[in-house]
Amino acid sequence: MGPLHPASSEQLAATLTGALGAKAKRVTFALGEVTVVVSAQDYLAAALVLRDAPGCQFEQLIDLCGIDYSEYADGRYDGRRYCVAAHLLSVTLNQRVRLKVFCEDDDFPVVASVNEVWNSANWFEREAFDLFGIIFEGHSDLRRILTDYGFIGHPFRKDFPTTGYVEMRYDPEQRRVIYQPVTIEPREITPRVIREDNYGGLQ
C-alpha cells in the first residue's frame, strides 16, 4: 500500500491528535505520511492508545528502528541524539502511522519496550539495542542479535569507525577463531583517466 490520499491523511492526523491528547508532542503530515512524536514517559501509554482506540486500531507493528541524529543537518541539529521510530499498520482501517520517541539521555539511551503491545517488536528492539545501544526497558530478552557475542560498541552509531575496532580470523596454529586489532593495508588508487574531447566519436 502506498501513501494515503492527502484528505484521509489529514483526517488521520486529526484523529490521532484527538485520541492521544497531551501525549502527542507533535503530529505532522508530510509526503502522504503521518508522524506522531511522543515523549519517552508517554511512549508505552501512547502505543496502547494507538493499538486500541477507535479510529486508530493499529494492530500491527511493521518495523521499529533506532536513529542517531548526531550528524543530522550537517551538525546544525540541536535536539536529542537517539530516537526510536515505529511504523504501525491498521489492517482494519487501511492506514499507517510512524510513531517516534526520543531518548531522554544521550549517554544512556532508554525507552520502554513495546514488545507486550506488539510482539513483533521483539527482534526489532534487539536489533536497535545491538546496533545503536538503545535500552528497551521491560524487554524480556534484550541481547545482541546481529553482532558477535564478544562485540564491543554499537556499529550504527555515527561515532563508530567504519572499519570497527577489532577483526576476527581463524588461527590454524591455535585451531580457533581469534580477535585482533583491525589491520588495513594501504592500497594504490588508480588515478582517474580523463579522455580528450570527442573520444571515440562521443559528443
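Trainee: How many aromatic pairs does a search of the whole structure find?
Mentor: Seven. Keep in mind that this is a predicted model.

Trainee: Take Y69 and Y72. Which kind of pair do their rings make?
Mentor: Edge-to-face. The ring centres of Y69 and Y72 are 5.2 Å apart, and the planes stand at 90 degrees. The cut-off for edge-to-face is over 60 degrees, so this pair qualifies.

Trainee: Is Y69 buried or exposed?
Mentor: Buried, with 10% relative accessibility. The limit is under 20%, so Y69 falls inside it.

Trainee: And what does Y72 count as?
Mentor: Partly exposed. Its relative accessibility is 49%. Exposed would need over 50%.

Trainee: F102, buried or exposed?
Mentor: Buried, with a relative accessible area of 15%.

Trainee: New topic. Which sheet holds β5?
Mentor: An open one of five strands with mixed pairing. The order is β1-β2-β5-β4-β3.

Trainee: Which strands are at the edges?
Mentor: β1 (24–30) and β3. Each of them pairs on one side only. On average, neighbouring strands in this sheet are turned by 20 degrees against each other, direction ignored.

Trainee: How do β1 and β2 pair?
Mentor: In the antiparallel sense, over six bridges. β2 covers residues 33–38. R26 stands opposite V37 in β2.

Trainee: What lies across β3 and β4?
Mentor: Helix α3, residues 121–132. It runs at about 5 degrees to β3.

Trainee: Let's talk core. Which residues touch the most other members of the largest one?
Mentor: L16, Y43, L88 and V114. That nonpolar core has 37 residues. Several elements give two or more residues to it, including α1 (6–20), α2 (43–52), β6 (110–112) and α3.

Trainee: Why would nonpolar side chains be found together?
Mentor: As a general rule, in soluble globular proteins they tend to be buried together.

Trainee: What does L88 touch?
Mentor: Leaving out residues up to four places away in sequence, the list is L50, F58, Q60, L61, Q95, R96, V97, L99 and W118.

Trainee: Switching to H154. Where is it?
Mentor: In the loop between β7 (135–137) and β8 (166–171). H154 counts as buried, at 16% relative accessibility.

Trainee: What is H154 in contact with?
Mentor: Beyond its neighbours within four places, H154 contacts F129, D130, L131, F132, G133, R144 and F160. The C-alpha atoms of H154 and G133 are separated by 5.8 Å, though the two are 21 residues apart along the chain.

Trainee: Which backbone oxygen does the H154 side chain reach?
Mentor: That of F129, at 3.3 Å.

Trainee: Last one, the whole chain. How many helices and strands?
Mentor: Three helices and nine strands. From the N terminus on, they run α-β-β-α-β-β-β-β-α-β-β-β. The chain has 203 residues, and 35% of them count as buried. Among contacts between residues at least 6 apart in sequence, 50% join residues at least 24 apart.

How values were computed
Residues numbered from 1 in each chain as written. Predicted model: local features only at pLDDT ≥ 70, side-chain atom pairs only at ≥ 80, totals over all residues. Heavy atoms only, no water. Phe/Tyr/Trp six-rings, centres within 6.5 Å; stacked < 30°, edge-to-face > 60°. Buried < 20%, exposed > 50% of the residue type's maximum accessible area, 1.4 Å probe, protein only. Helix = DSSP H or I, 4+ residues; strand = E, 2+ residues; numbered from the N terminus. Contact = heavy atoms within 4.5 Å. Polar contact = N/O pair within 3.5 Å; in protein donor to acceptor, adjacent residues only side chain to side chain. Pairing = 2+ DSSP bridges. Axes fitted to C-alpha atoms, helices over the stretch in contact; angles between N-to-C directions. Core = buried A, V, L, I, M, F, W, Y, C linked by side-chain atoms within 4.5 Å.
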